[in-house]
Amino acid sequence: MKGDILAGIISVVLLMVTIRAIRQRRLMETHAVLWLSVSVVTVLLSVALPFGAFTPLAHFFGIAYPPDMVLVFGLFFFALFTFHLSVSMSRLAARERVLAQEIALVREMLNSEPAP
Amino acid sequence: MTPEQLADALTRTCVVIPAFNEGESIGAVVRAVYEHMPGATVVVVNDGSTDDTEANARAAGANVVSLPLNLGIGGAVQTGYKFAVRRGLHFAVQVDGDGQHDPREAPHLFASLVRGEADMVVGSRWLGRGDYVAPRNRRFAMKFLEALVSWRAGSRFTDTTSGFRALNRRTMELFAEHYPSDFPEVESIVLAHHHGLRVTEVPVKMVAREFGTSSITGLRSLYFMIRVTVGLLVGVMGGEEK
């Protein structure tokens, strides 16, 4: 039971942090939606778990202790999300490269123009 | 190739010199290029140097394209190719900024490009000219890359990491669009081959570097090998590029 209370507290804190970040416009819209759903889902989970809501599903997957199932799905989500971040970062790096090159080439053109 | 053909080709040539903190050597390199490759357009790509690379290159008379941040060798060389493409030049020769490449050797790189027999020519230290000796600890890596690239590119390459190379317009246009970033020399050979371009090697003389040290040592060389191997096996294989 105590574990559920801890999970509940963590979820509520996550929800508050997310809302704060959105209000301060530190999160991109798509990421804001994602983190809001994550916080809402964890809040719901911490409420639903003590009532045994996931016990049949966990047993279907052969997991004896239902919170472990939530953990596994959580890990899977984070693996996916870090991969997504990695892909986004690579794309940003490629764009940064193009922009830096353009700036350098344009600056060279400005410098090499004969004085009026 | 007659001297007239060479002189004509040089007027349509861009010499691309990537430089990161090469202030000590860049002036001499630029002057040597102007002396031995008269008529060529010379561009020094200053890759976010913190020393006097830009000033010294300018003083030696080169065009200088200064990147606002350090992109690494791939991004720098690609900037040079973009410059050459936009200037409407037909050939590009890449020469390192540290004085390792002798511009007197450039005509050897040109011959088959000008005759239209190749789209990209890589200058190799190991084909008999010159007396360059590789450090012992590098030989295994070089042999390994040689085998890998020769397999992926369908013909024999002996000096896959050589940055002394010449391209025609088609190859320049490809590289202006797509060019590997971290360790581009090896991968670009295979990339060009996979785009149906003819890549060949010719013997050139190289001198041991005058200034600085190789950027690839110790643990970094291990990373280099892994990175290049993955790049060659995975990166080029699909050829799916957005």
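Modeller: Here is a walk through chain B, its side facing chain A, and a few charged pairs. This is a predicted model, where local features need pLDDT of at least 70, side-chain atom pairs count only at pLDDT 80 or more, and totals for chains, interfaces and linings use all residues. Residues are numbered from 1 along each chain as its sequence is written, chains are lettered from A and ligands numbered from 1 in the order in which they are written, and side-chain values use heavy atoms, with hydrogens and water left out.

Let us begin with chain B itself. Nine helices and seven strands make up its list of elements; these are DSSP runs numbered from the N terminus, helices being H or I with at least four residues and strands E with at least two. Of the 242 residues in chain B, 54% are buried, where buried means under 20% relative accessible area, exposed over 50%, and partly exposed in between (1.4 Å probe, protein chains only).

Now to the meeting place. In chain B, 20 residues are in contact with 12 residues of chain A, contact meaning heavy atoms within 4.5 Å. The size of an interface is often given as the accessible area lost when the parts come together. For chain B and chain A that buried area is about 1,300 Å², with 52% of it on carbon and sulfur atoms; buried area is the accessible area (1.4 Å probe) that two parts lose on being put together, summed over both.

The rule finds two salt bridges across the interface of chain B and chain A, a salt bridge being a side-chain nitrogen of Lys or Arg within 4 Å of a carboxyl oxygen of Asp or Glu. In a salt bridge between the chains, the side chains of B:Arg86 and A:Glu102 meet at 2.6 Å, N to O. On the chain B side, strand S3 (63-66) and helix H4 (73-86) each supply at least two residues that touch chain A. The largest share comes from H4(B), with seven residues. By type, the residues of chain B's side divide into nine nonpolar, seven polar and four charged; Ala, Val, Leu, Ile, Met, Phe, Trp, Tyr, Cys and Pro count as nonpolar, Asp, Glu, Lys and Arg as charged, and the others, Gly among them, as polar.

Over all chains, the whole structure holds 12 salt bridges. The pair described above crosses between chains, running from B:Arg86 in helix H4 of chain B to A:Glu102 in helix H4 (residues 66-112) of chain A. A:Glu102 is partly exposed, with a relative accessible area of 27%.

Other charged pairs lie within chain B. Side chains of opposite charge can pair when their charged atoms come close. B:Asp102 and B:Arg104 form a salt bridge (3.3 Å, N to O), and B:Arg104 is exposed at 54% relative accessible area. The side chains of B:Glu146 and B:Lys143 also meet in a salt bridge, at 3.7 Å, N to O. Both B:Glu146 and B:Lys143 sit in helix H6 (residues 136-153) of chain B, three residues apart, which is about one turn of the helix. B:Glu146 counts as buried at 15% relative accessibility, while B:Lys143 counts as exposed at 54%. Through salt bridges that share partners, B:Lys143, B:Glu146 and B:Arg156 join into one network.
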